[in-house]
Every structure is written in C-alpha cells, then in structure tokens.
Amino acid sequence: MEYLDHLNPPQREGVLNVEGPSMIIAGAGSGKTRVLTYRIAHLIREKNVDPFSILALTFTNKAAREMRERIENVVGPDARSLWMGTFHSVFARILRSEAHHIGYPSNFTIYDTDDSKQLIRQLIKQFNLDDKTYKVNSVLGRISGAKNRLISWQRYQQDAAIRAEDEAAMKPKMAQLYEAYVKRCVKSSAMDFDDLLFNTNILFKNFPDALLKYQHRFRYVMVDEFQDTNLSQYLITKKLAAVHQNICVVGDDAQSIYAFRGADIRNILNFEKDYPELKIIKLEQNYRSTKNIVQSANAIIAKNKAQLKKSVWTSNEEGDQIEVIKAQSDNEEGRLVAQSIFEEKMNNQLENSDFAILYRTNSQSRSMEEALRKMNIPYKIIGGLSFYQRKEIKDLIAYMRYTVNHDDEQSLRRIINYPKRGIGNTTVEKIIVAAYENNLSLWEVIQNPHRFFSGRAANAIDGFTTLIKSFKKEVEQKDAFDAATAIAKGSGILRELYSDKTVEGLSRYENVQELLNAIKDFAESEDVEDRSMDAFLQDVALLTSADESSAEDKDKVTLMTIHSAKGLEFPYVYIVGMEEDLFPSQMMLNSRADLEEERRLFYVAITRAEKKLYLSFATSRYRFGNLKMCEASRFIDELDPQFIKMSTRYGSRQPESMPGQRPSFAGGGSNAGGYARNLVSSINKDRTKSQQRQPSKEHTPSAGFEASDITNLKAGDKVEHLKFGFGEVLEIDDRGPGKKAKVKFEHFGEKTLLLSFAKLRII
Ligand code: ATP
Ligand code: MG
C-alpha cells in the first residue's frame, strides 16, 4: 500500500474510510481529486471490490480518463471496467439499456445545444411569436432550468407559481413552447442534455426494478466537484446510493460556478441532513500553489458572505508576487502576454504546456491567438468553435445519426437536401405536419412519399430513403469506420467537398478525412467494447468542450475559459481581461449573489496556478464592434497589495504607479481615456507615409481610436475611418441635406460618407 505514503493523514482517512457516507469539502488544490483516485485504487486492490460495482462521476470526460489512467497504474487493466464519466455519459449509457421503459428506442439520438436551439427557433416561428421577446437562448434556458429542477411540462402548465416568473418576463407562451419542445423531441426519438438526467429520474421513480438493479450494482458511489451538481443530479446520486449507503462526495463550495445552469450549493448542506451519520473530512493543506497564490486566494474568497469557513495553507515556497500587466488595448494585452510567456519560457527552461491563458468569455481568445501566432508560440483552444461544430462535420454526423435513428428531425432537416436533391424547405415542413396529423413517425411519412406528395417531390424523397436504407445495412454489418466511410462516399458529401477547389473547400475536405480518422481510432481502440456507429455517436454527442485534445496538442499553451479550467492546474497562469464589466461580467452585477458567483470564478482562476500568476487588463477594448474605455477590475483592487506587483512590462507608455507605492488600478476610467489619447498622439507622431499596412478585409483601428470633431474637415485631409481604415478626403459636399465627404481609402476605394455619422479621425 505504498500509495498511502503519498497522502497526509486526513487524505488517508478519506481513502481508507470506504464504508458509509462521507463528504470532503475542502479548498482548491488540497487533494480532493487525488483522494477519490486513491480511494478507488484502494477499493480494487485492497478490498477486492469488483471495478464494475464502482461508480465515479466527474465533471468532464477528460477528468474521468485521467483518473482511470492513474488508477490503472496502480491496479492494472482491471480499471477499465470501472463506471466512470460525467453524469451525462454514465446515465446516457444506462438509459440506452433501459430506454424501453420510458417509451424511447435504445438508439435514441442525443440533441446537442445547437439542435435544441434550432428546434426552438422553428417552434417560435411556427407559433408566430416575436423572436425579440422569445429569444432562443432564454427560452432554452427556462426549459433547461425547469428540467433541472425536475419540473415536467405538465407541472409547468398546472402550477401558476412556477410559471409566474416567465409570465412576468412577458413570455406567456412559455408553457406551450415547453410542451411542444418536449413532444417534438419525443417524436424524434431524441433527448437533449437535460433529458438525460430528467429521464433517469423518471426511470428511477417509475420503475423501481430498474432502480434496484443499479442500486445493487453500484456498491460504491463517488462524485467529484459536488458543489456543481443540480437538483436532478443530486437526486439520482442519492437514489443510487440508498441501498449500500457507500457514498463519498468531494467538492468546494467556494468553487461553485454553475448556478446559472442550475447548480445548487444547497446540495452540500442537504447532504448533511440526508445522512445524519455522515463523516465529514476536512483537508487544509494545499499542495498545488505557492504561499503567495494560496494566501491571495484565501483573502479573495473571504470577501464572500455566503461560504463555509475553511482554512487553507501550504508549506510550498513563498513564490513570486502576482504580477499585473497593464496594456492600452486588447491587442497590446495579447502582445504583452505573449512576450511574457516567451521570456518566462526562455529564462526558466519551460515547455509551452506549462502555460495557460484563462479568460471570462470565449471571444477574448482572438487577440491572444493573434499575438501567440506572431511570436510562433504554439497554442490550443479548449472550447470555442470545436471541431465537431464545423458545418461539414455536422453534416456527415447528421447522416450517421439519421441512419441510426430515422426519426431524428434535426438531422433529417440537415441532410434531406444536402447535397442538393430537389427537396425544398416547404416539403420538409410538410413532412413534419403530415407526421403529426396522421400520427406517424417522420420515417413512416417519408417511406410512403406518394401518399403525401406528388410527382417530383415524392420521387426525390424516395431516392433519399433508398439511400438511407442502404446506409442502414452498412451500419448493421460493419464497424463504425467502414460504415462511416460508406456514408461519406454514398451521401455525396466527399464528392461535393472535393469538387470545391478553394482553400476553404480543401480544408473542409480534410476535416471530413480527419473525422474518418477519428472514427477509425475509435473502432480500433482497445478500450472500446462497443465499436458500433451508435456507440461512436453517443461518445461524440457527449464530448464536453474541455474534452477535445489530441496527441498533437501536447506541447502547447492552453487557452480556455475559466469555467472549463475547473479542476486543472498549470505552473504559469495568465488571467486576462481583468476589467470591470468583463470580469466581473456586466451581466452579473445585478445582485450580491451574482457578484459572489463571479468572485468564486476568480477564486477558481487564481487557484489553477502552481508557480506564478499573472493578471492583465487593457484600458481600451473592442466590444460588440465598438471601442470602449475600460477600468481595471475591482477584483484586482481586492487583492492584498503585499501579494501583487505591477509588471515592468508596459505597453507604449510608462506606468503611473511609483515603486513601493500601492499601485492604483481601479477608478481608472478617466485615466484610461487619458492614456488612450496620449497613445493616439504618439502613434500619430510615429506614423509616416511609408507605413505599410497589410491589406485585409477588415481594418483594425489604431489603439485608442476616438472620432475627431470634423466640422472643419477639408479636401486633402488624411483620415482614419473606424472600418475602412486610412484614406484621403477628396472633396466635401455641402449641398442637400447633411454634409458629406468623398474619401479615397487605401484598401476600400472611394466612399461617400455622411459626416454626421462617419466615425472619422483626422490624422
Ligand atoms: P481542485 O479544487 O482544484 O479540484 P483538488 O482539491 O481536487 O483541487 P488535486 O487536484 O487532487 O486537488 O491536488 C492538487 C495537486 O496537489 C495535484 O497536483 C496533486 O497531485 C497534489 N497533491 C495532492 N495531495 C498531495 C500529497 N499528499 N502530497 C503531494 N502532492 C499532493
Ligand atoms: Mg479536483
């Protein structure tokens, strides 16, 4: 049991105490995940527990994979039969074998968020609702919120109190939308992500035999990141553990960052009530980070009122102070961060993979990417537009999905006329209406097209179903790879992409090849029991944004949102965009609870760093197409000055703070403006005629762009336009309503601009 030597006494207790309910609530980096990992290894190796009877629920599939690998190192290949994964993947698997109970076929489709949004968009249109009142995201958010609180559409319709909030938000048709959404999903034999949990609850509630089977199977149940479970997940876990009562949950209330998705911190408090004999273990030593980082994180979280008291300490070295980088623009911020990474790497002999750049929202990655690219620093983005969201990939997957499940409406819509075969949108809508009116499935309708359609349309549909039937044969007889190859060819997708000889066309073709490679890997992998296309599709549907990475991604800087960084650690961490309205996010300033959630997010971000933490902010930034002046985030000001220092790495201007003095960051609104103006004039001085600007489709305005007063604009003036870039005024036209200027732009040619609207700056 040499592995027990790698644990401190309370951690060891967490590992050895396997019988009965226990809970470990402890701060970041204190080894909670390590305890779970060793606990499972211990159960298998010392307690001879069959891995098949251990269930471990993690936050991402990647976390599950890593845990499994570590356990395998201790116990060998036995670890493969552990039940380990996200709530969604584990319960999707269970639902597949129990689907018949709840009226679903076992090959049901899993709708991703895109599919759900498409469906809601179609319903809003079908109901003739105003899409400004009924925004797709908010409708989906409300449906999802209801499901995660286990409120069915029937209860939603009956219970006025539940509906009140939506009605107050002027959405009186929410109840009908919810009902229609659910019915359309059922008709398509599809479940969305929330359904996987909702339906598991239904299954366990209505079919006690099914519940009993899994209660007996899972003798040991464990949950990581317990603070981010929602009611639906909580009830599933509780039910599963009810017979053996060997349940161990680990988490940190200070890292609860998914309230917006229904995560409920009360689950931690309820847990104590539900299990009176609960053993609570505290871990207080942090092994991840330096003293400076641990103490800063402690001080930040102490500002939140709603939290359990914990003390976290570390015996690690003091470490460097947290370094704050101030930039004049988002582009400069990117450049300074990239330079800093470059230097740290050179000075300390580091790998690219030692670095992570974390941000509040995905869109912030752009300026970071540009800067890293310019400096030839390899990077990977976790999340954002992933491989599986690309059109060509979704198209081929839709063919595969539809072949497996002929009722999948969203896939049918995608492929029935792609590549083109003369089946228009109206025909598709008619198919759906016909299915409803005649109480048939979509497949039944399109299998007998002559009953519903005349001549050409019916023939075209016939052609399509014949194709799908031939694919079905492939899927039934071959493994996922061979079947996918047949579908890629037979559908005409490969031909369609191959005939497009543009650079983009070529890359789409390569992406499809890449997908086929991925399927080949899957079909040949030793870890996979079921190599069918159905199994592959399930895996793909449940990939979370944090899961995607390949062997080629090894030595790269990681870029991701703070949300997806949960549970991870990196030696060097840069938290960028530390500005008011960005972080804390503008949308989260409405209540104390929201602000506290943002602060917990900041706590999560800080505690990802092992050796050194950088914070950066820009005094101006493009947001939603407009240049905005920005103030440093209040979170920087909340840090104790003894733990931070202003970076000597500055943009175009000198820092404002004096050495040894507490740097003042916040309240920099007017200052920021001043800086931006100074910067503009310094740029103006530097700019010469010979300046070579790369032609591009879009102009990147100079940092700190501010429109000038242009009342006295005259022919011959040199100007910069927010969008069109640099140019020269050819003439001023005062006739008619509104003064206009004809300007010849370097890259956009001649334009006539109405001066009262033009965003022009005189150079
Ligand atoms: P988070 O809250 O961020 O999920 P955590 O509590 O799960 O953190 P772990 O990721 O398990 O913490 O551990 C943090 C780091 O400390 C890991 O690198 C882990 O290997 C290391 N670690 C944990 N316990 C010990 C120990 N007793 N001795 C040495 N290193 C340890
Ligand atoms: Mg952890």
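Around ligand 1 there are 18 residues, and those closest to it are Gly31, Lys32, Thr33, Arg34 and Tyr287, where a residue counts as near a molecule or strand if its C-beta atom, placed from the backbone, lies within 6 Å of it. Helix α2, residues 32–45, supplies the largest share of this shell, with three residues. By type, the shell around ligand 1 splits into three nonpolar, 10 polar and five charged residues; here Ala, Val, Leu, Ile, Met, Phe, Trp, Tyr, Cys and Pro count as nonpolar, Asp, Glu, Lys and Arg as charged, and the others, Gly among them, as polar.

Before I go on, please keep in mind that this is a predicted model, in which local features need pLDDT of at least 70 and side-chain atom pairs count only at pLDDT 80 or more, while totals for chains, interfaces and linings use all residues. Residues are numbered from 1 along each chain as its sequence is written, and chains are lettered from A and ligands numbered from 1 in the order in which they are written. When I say helix or strand, I mean DSSP runs, H or I of at least four residues for helices and E of at least two for strands, numbered from the N terminus.

Let me turn to the sheets. One of them is an open sheet of six strands, ordered β3-β2-β6-β7-β1-β8, and its pairing is parallel; two strands are said to pair if DSSP finds at least two bridges between them. The edges are held by β3 (83–86) and β8 (279–281), and each of these has a single partner strand, so one side of each has no neighbour in the sheet. On average, neighbouring strands of this sheet are turned by 15° against each other, direction ignored. Within it, strand β2 (residues 54–58) and strand β6 (residues 220–223) pair in the parallel sense over four bridges, and Ile54 stands opposite Tyr220 in β6. Helix α4 packs on this sheet, where α4 touches β2 and β3, and the direction of α4 makes about 120° with that of β3; contact here means that the C-beta atoms of two residues, placed from the backbone, lie within 7 Å.

What does α4 do with helix α10? Helix α4 (residues 87–98) and helix α10 (residues 193–206) pack at an angle of about 55°, with their axes 9 Å apart, the axes being lines fitted to C-alpha atoms, for helices over the stretch in contact, and the angles running from 0 to 180 degrees between N-to-C directions. That angle makes α4 oblique to α10, given that angles under 35 degrees count as roughly parallel, over 145 as roughly antiparallel, 65 to 115 as roughly perpendicular and the rest as oblique. The contact draws on Phe87, His88, Phe91, Ala92, Ile94, Leu95 and Glu98 of α4, and on Phe193, Leu196, Leu197, Asn199, Thr200 and Leu203 of α10. Sorted by type, the residues of this contact of α4 with α10 are nine nonpolar, three polar and one charged.

A further open sheet has seven strands in the order β11-β12-β10-β13-β14-β9-β17, again with parallel pairing. Its edge strands are β11 (379–381) and β17 (644–646), each with a single partner strand, so one side of each is left without a neighbour in the sheet. The twist averages 25° from one strand to the next. Strand β9 (residues 322–327) is joined to β17 by three bridges, the two running parallel, and Val324 stands opposite Met646 in β17. Helix α15 (residues 330–348) lies across β9, β10 (355–359), β12 (557–561), β13 (570–575) and β14 (609–618), and runs at about 155° to β14.

Strand β18 (residues 718–721) and strand β19 (residues 725–733) pair in the antiparallel sense over four bridges, and they form a hairpin with three residues between them. Val719 has Gly727 of β19 as its bridge partner, and Val719 also stands opposite Ile762 in β22. Strand β22 (residues 760–762) is joined to β18 by three bridges, running antiparallel.

Finally, some backbone details. The peptide bond from Tyr418 to Pro419 is cis, with omega near -15°, and Pro419 lies in the loop between α18 (409–415) and α19 (425–437). The peptide bond from Phe583 to Pro584 is also cis, with omega near 10°, and Pro584 sits in the loop between β13 and α27 (592–606).
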